Amino acid sequence: MKKDNVYRDIFISVVALGIFAALAGLLVFYRLSKTLPPVAQLDGDIKTESTKIYDRTGQVMLYEIYGEERRTILSADQIPDVMRRAVIAVEDKEFYGHPAFDIAAMTRALIADILKQSASQGGSTITQQLARNAFLTTERSITRKLKEIILAYRIEKLYSKDEILNLYLNQIPFGQNSYGIEAASQTYFAKHASDLSLSEAALLAAVAKGPSYFSPWGSHLIELEGRRQYVLEQMEKVGFIDKQQLEAARADKPRVLAEPQRANFHIAPHFVIYVQDYLNQKYGEDFVRRSGMKVITTLDVDLQKLANEKVASGGKRNIEMINGHNVALLAEDATNGQILAMVGSRDYFADSEPAGCVEGENCLFEGKFNVATQGLRQPGSALKPFVYSLAFKSGLTPDTVVFDVPTEFRANSSDCPAVPNLIDENKECYHPKNYDGLFRGPIMLKDALARSLNIPAVKVLHVVGLQNAINWLERFGITTLNDPDRIGLSLTLGGGEIRLTELTNAYATLANDGVFNPQTAILSIADSKGNVLEQFEPKPERAVDAQYARLVNDILSDPKLREPLFGSNLYLTQVPGKQIALKTGTADNYVDAWAFGYSPRLVVGLWAGNNNRHPLGKAGSSILAAIPTWHDFAIEAFKNEPGLTFIKPDPIYSDSPILLGAIDRSNVHDLLYFLNRISDPQYQNWEEDVRAWVTQNGMPLYWGQATYTFKSDGRVELNGEKNITISLSFPKNGDFINSSSELKASVSAESGVKSIELLLNSQPIDVFQAGSKNIVDYRFVFGTTPLNPQNSLTLRATNALGNSTEQTIIVFKETD
């Protein structure tokens, strides 16, 4: 009997708890329902407030996100069935078969969210989405979900299924201020919704999933096409279309209109999209679209307009000269990380090239793709300064001597001899060459860095250690070099991939005396009532000791040190009256060209190349592909900058002579010997390579820009780039020439001029054997030589010792 009483008591308790929970639930529903608006408002105009994006002054509005609701209400007979079916197939297949909400779908979504530990699954019916879009926010909470269910229930009580679907299709946003399918159809296709094709309807249904992310004018076109294909597949799956219609629509990719220029969007389209993506990720698309935020960005409109102009002209020049179809530029304030100008591609509004190419696969150029933020490109030599700064931390100095000689870095391999065969193409071996194929012998690190020599850079990387270098680069904000086994010692020559934004910010850290600032595009964000949601606050962090940054800045800002690299183009690396540090980079096979120039406050990074990584050709080095455009921008951008100079590094003291630039000529060794790393796997190769070099070339007296060689008969002979002089009297850089024009030059060398070679657009057009005369007057009449509207002209001279120098200028074809 007692046992029966226990069961009875439990039963009564459970029933009581159930009744209490039900009453509590009803009370919650009742109280929530009292706070909700009448759903009859769906027939009226629902107001929203747009989010506005401004420049750094707050005076120039760059963009308005859904600043006005462009909507044309369609009657039921004006809404095409193909649009209804596309939306039902992808959003709510059981729309006509369930009440206001779908318990099964909500349960599936709940389980998926629990398994993924995120709130990514919606489970909302079309009616629920209509309720949310019309009356609620996108806040993910139980309260909002309950409100959504109550409103959906009321809507279903007041309207029929067909009416609900019509309201939905007239109400939902499609981006670009277009609400409802009629506005969307006019915006993207310039046609009435009633004229939409199956393929076009599928695209609009795809856009509706995320109007900003899936925008036909945004940077996620590949994802948009994938979503369109998914809509078509779902339509076929539920029986709205047959297999033949599916395949035809798949192949019929809709042609979207060119984006209209709205407000001042054309000033900085890539930057605006970058800011909008940030807002959407942090606040959600719906909130951004409806909340009326005021966003003050870091953009300097004057600098941005200048960047647009110079990138456009530089891009045109590159297309004509080197088949380089794209250019990207970023300007940043080094003292705080604020982005001042951003050009993600040379023309956001231009069609992809070549016509008909598939985005993300074989396009030389894609205007909407933001190379600055999205492109992962090989940096070439642009990483060398950071590796050298780690070397300075490790005890090396700018005067430390290293041997620039043919070197095999694949140690202890029977297939790879210590003294490399430079003609050997064995991919198992690794013996990099310098950009010009020459070797300088002993050279100081400051000269090796300024001249961007490869063999010394690889040796420096080996000395500091690959993983140490990657960890060091992370201090500068570099995050993409996460595969050291693949990259190997080629890291310092650009073996990894990197973004222009991150590399520009890394140079900003050097410019800022080794202090890192997170990159930002936002100064402040306020809601529609003026409440501040975000306010820029500097977050400086000491990345490296100031001494190491100053040592690099001191090298990169010395025009005399980089003169041998740039020759007659040295002026392109300078800004009159300003101290500018500069480094370039050219990736393997001339795929990517870079230029980074900076003062203590302003940093300008530039990339040039083709989106599909098609090589620029040998004329596509950074000196021709990147530096001219960088200079065109910098000469005006730095003009109004304060005349700041870099802080000089502290004096360096060392007990090791080689670290200060001295070599014992009677006991010649490479760097590892003096670092007491005799057991290093690379030691034997380096030593053999140095001995081979000295045996063949002798030891110079000093390691400056010119060197002297001891000859077997006791004579001392000048042997270096400075031993050959080219004086080009006509044409000069920028001159116009025609078929009757005569090139005039004087070439001299103490050891005698062996040969003179003339190249037009990197192709040899004349070779003159000079017979080892000390002074040669060289002449060439262009005659029938074919000329482009713009041409690179290179005069290369070789002396009797086999050393070469060259001078490159730009000339234009004179029109009749």
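I'm calling a residue buried under 20% relative accessible area, exposed over 50% and partly exposed in between (1.4 Å probe, protein chains only). Helices (H or I, at least four residues) and strands (E, at least two) are DSSP runs, numbered from the N terminus.

Housekeeping: this is a predicted model, where local features need pLDDT of at least 70 and side-chain atom pairs count only at pLDDT 80 or more, while totals for chains, interfaces and linings use all residues. Numbering runs from 1 along each chain as its sequence is written, and side-chain values use heavy atoms, with hydrogens and water left out.

Entry: helix H15. I looked up residues 384-393 and found nine of the ten buried. Among the buried ones are Lys-384, Pro-385, Phe-386 and Tyr-388. Their cover includes helices H16 (445-450), H17 (454-464) and H20 (500-511), plus strand S14 (581-586). After H15 comes Gly-395, with a positive phi near 115°.

Entry: aromatic pairs. My rule wants ring centres of Phe, Tyr and Trp (its six-membered ring) within 6.5 Å; planes under 30 degrees apart are stacked, over 60 edge-to-face, the rest tilted. I get 23 pairs that way. Tyr-63 and Phe-265 have centres 4.9 Å apart and planes at 40°, so I log that pair as tilted. Tyr-63 is in strand S2 and Phe-265 in the loop between H10 and H11, 202 residues apart. Both Tyr-63 and Phe-265 are buried.

Phe-476 sits in the loop between H18 and H19, so the pair ties together parts 90 residues apart in sequence. Phe-386 and Phe-476 also belong to one aromatic cluster, including Trp-472, Tyr-507 and Trp-594.

Methods. Contact means heavy atoms within 4.5 Å.
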